[in-house]
Amino acid sequence: MSAFEYKIFSGVPQMSKDGQSIDWSAVEAELNSLVSQDWELVSSHTTTYSMDKTGSGSHEPAITFLLRKLKQN
C-alpha cells in the first residue's frame, strides 16, 4: 500500500474595490507550482467567506484544494 503526504491549499482572487473578482492568476500560479513539485490534485471545494471592510460586509469567493504525493522514504 502506498503512503501519501497531504497538503491543503486555499486561495482567493485579487479583488477590485467594488468586490468583483478580477484575477485568479496568483492562485493558479501557486497550484501549478505545487503540481510541478509532484503534488497531485485530489479534490477542490468552492465557498465564500465574509469580510467587514470599513463597515460594509461582503462575501468573497475562495477555493480550497486537497493535494497529495507519495511519501519519500
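At 40% relative accessibility, E40 counts as partly exposed, a label for anything between buried (under 20% relative accessible area) and exposed (over 50%), taken with a 1.4 Å probe and protein chains only. Before going on, a word about the source: this is a predicted model, where local features need pLDDT of at least 70, side-chain atom pairs count only at pLDDT 80 or more, and totals for chains, interfaces and linings use all residues. Residues are numbered from 1 along each chain as its sequence is written, and side-chain values use heavy atoms, with hydrogens and water left out.

Back to E40, which has a partner. R68 forms a salt bridge with E40, meaning that a side-chain nitrogen of Lys or Arg sits within 4 Å of a carboxyl oxygen of Asp or Glu. Here the closest N and O atoms are 3.3 Å apart. R68 lies in strand 5 and E40 in strand 4 (residues 40-53), so the pair ties together parts that are 28 residues apart in sequence. Search the whole structure and you find one salt bridge.

| Residue | Relative accessible area |
|---|---|
| R68 | 25% |
| E40 | 40% |
| V35 | 42% |

V35 is found in helix 1. Helices (H or I, at least four residues) and strands (E, at least two) are DSSP runs, numbered from the N terminus. V35 and K69 are 34 residues apart in sequence, yet their C-alpha atoms are 9.5 Å apart in space.

Now for helix 1 itself. It covers residues 25-36, 12 residues in total, and reaches 16 Å from first C-alpha to last, close to the expected 16 Å; that expected span is 1.5 Å times one less than the number of residues. Which residues of helix 1 are buried? They are V27, L31 and L34. Seen down the helix axis, these fall within an arc of 60°, so they line one face of helix 1; the arc is that of the directions from the axis to the C-beta atoms. The face turned away from the buried side carries the exposed residues N32 and S36. Just after helix 1, D38 takes a positive phi of about 75°.

Leaving aside residues up to four places away in sequence, V27 touches F9, G11, V12 and F65, where contact means heavy atoms within 4.5 Å.
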